[in-house]
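Student: I have a new structure to look at, and I would like to understand the words used to describe it. Could you take me through them?

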Amino acid sequence: MMRREYSVELVCAIAGSLLFLSLSIREVTHKGAGFVPTIVSRTGLSPQSSESSLLLLEEASRAIPHDAGVVFLNPRDRSKDWIHYAVGVGLMPQQNVLYPHAIDSDPAIQFLVVGTDPFDDPHYAPWRTLTHGTIFRRK
Amino acid sequence: MTFVLRIVAVALCGLWMRWVSPVVRLPLVARAGVYVVGGLVTLAVEMILCSAIHLRWSVAALLVVPIAAGVASYWPLKKRVEGAIDEGPRPFSSIVLIAIAAISIAVLAIAVASGAATSFDLLLFWGPKGVRFAAARAIDINFLAASDNYLMHSDYPPLVPLLYAWTMLGKPALNWWGVIATAPLFLLLSTGMINGFARYAKVAQADAITAIFASLFAYLFIMNAVGGNGEPALIFFETLALCALTCTRTRADEHAIVASIALAAVVLTKVEGTPFVMLLLGSFALFGDAPFRERLRAVVKASVGPILALGGWIAFCAHNHLLDAYRPSGGALTMRALASAARLVGANASFGLGYLPWLIPLALVVVGRKRAALPYLIAALGYGAFLTVIYAHSSDAGVYVAWSATRVLLTPLLFFVFAALTASSTGAQAQARATK
């Protein structure tokens, strides 16, 4: 009796764990495996734009002076300001990343980091053109 | 490299756990996880205390006390090593099962390394907090209190951001790849703990449970894309707490101090940690398979850590006017909302796999010692009820359930794995009592 029960347990365990392992392999095959430049290159709803944003911030954090007031912005979709702000805080630890409450009037904002979308503001002028966007500096 | 060294230092900071009596008798694969949990709790407590007294963190200052305690723990050890487990060679089926577990964790590691197993929660919440804490060399109260950061939830348990801050301390940036690599690392350590504790307690199907746990959670970590988020850490700590209360040889309170430290980590990791502690200890006390006095002793000892940790954190937040999620709040709860939330949670609980993640551990319960599994099944049901009430309170249950249910359901699933583990045990504790 004991031996039969143990063999049922073993069969369950081997079959179950093989099933979950094959599901993991299927998931990885589906998402793709191999070298990518960022941690989100194969995740989320729009991995391409996420990857570009992270690479842009990485470049910008090297270019902008330490402790400067910076806003990371998507001028085309201001409803996602908070997301850009939070990602900027994490990826630009050397700078003072600020929330874009009033980009034209807040003197603490010295730089704007913007993706490839068109951006025009009379208070700012392009400062550096990067691979995945542009840094603007307050005039 | 710094990241790896800092993670190794975490384990060294937990070496003092050797003082806790039965830890040195556990197999190395279990001890490794115990030391990492001990180290994380030690560092987190030090970092919170330093922040409370306005003392800036430094790597050296944080390391001094735990490393000294760890070194000192090697002296009076000779007597205690007696009784270490002595096992014969493993059967072929065990080797197959352990290989499946190892390959599953390797697949998770590949998913993480391919940028396919994390989500924006890391970039929006866990990571930024860690970065700001490291930059401020303290829990940055001004940052948490700022109205711009209200979505960072000022009083959210801080252990995971504190770990990230620890790895970045004195460095210009956070190692994001290292951070997401903690998911396979925590799963590897959790798997080692389950296997080591189960072998210590002479659980007949230790390797079978190990394989089910590792393959199931590797898949769910990939599916939920939780690399670098709080879930892998939470599951890691919950696993140790469950191991410590479940896998005993002599008395139910044998590992209660280890459970206490693991439960302290649980409540400091995510808000869902608190109901886990209450349900685990409550169901263990009421329905556990051991004499009532032993269970009571175990529960009393195990509850000290989480009470002190959560109490201390809430006091810190209250003192600094950071209370948010832990502030008491009310709200109308209707039967209709409850029924709707229960339906949504129930549908998501299938994980798109026809409820197989639940059914496979349950099959082991059915053929095993059902009575021993009871506390864990009841705790899982209780956790499901807790989730239902929380979702029923939310403004748009459908959105919240779709966003988070398959992640928060990992905890009741862990209860099911431990139900299978206890059901397949030989009752070594009961046998030990019988021979007294």
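Tutor: Gladly! In this predicted model, B:Pro357, B:Trp358, B:Pro361, B:Leu362, B:Leu364 and B:Val365 of H15(B) meet B:Leu413, B:Phe416, B:Val417, B:Ala419, B:Ala420 and B:Ala423 of H18(B).

Student: What makes these residues of the contact of H15(B) with H18(B) nonpolar, polar or charged?

Tutor: Ala, Val, Leu, Phe, Trp and Pro count as nonpolar, and the contact divides into 12 nonpolar, no polar and no charged residues.

Student: Why is H15(B) called roughly parallel to H18(B)?

Tutor: Helix H15 (residues 356-366) of chain B packs against helix H18 (residues 410-423) of chain B at an angle of about 20°, with the axes 7 Å apart. Angles under 35 degrees count as roughly parallel, so H15(B) is roughly parallel to H18(B). Their crossing is left-handed.

Student: Which helix gives the most to the side of chain B that touches chain A?

Tutor: In total, 48 residues of chain B are in contact with 40 residues of chain A. H4(B) gives the most to that side of chain B, with 10 residues. The side divides into 36 nonpolar, 10 polar and 2 charged residues.

Definitions and conventions:
Residues numbered from 1 in each chain as written. Chains lettered and ligands numbered in written order. Predicted model: local features only at pLDDT ≥ 70, side-chain atom pairs only at ≥ 80, totals over all residues. Axes fitted to C-alpha atoms, helices over the stretch in contact; angles between N-to-C directions. Helix = DSSP H or I, 4+ residues; strand = E, 2+ residues; numbered from the N terminus. Parallel < 35°, antiparallel > 145°, perpendicular 65-115°, else oblique. Left-handed = near helix turned anticlockwise from the far one by under 90°. Contact = placed C-beta atoms within 7 Å.
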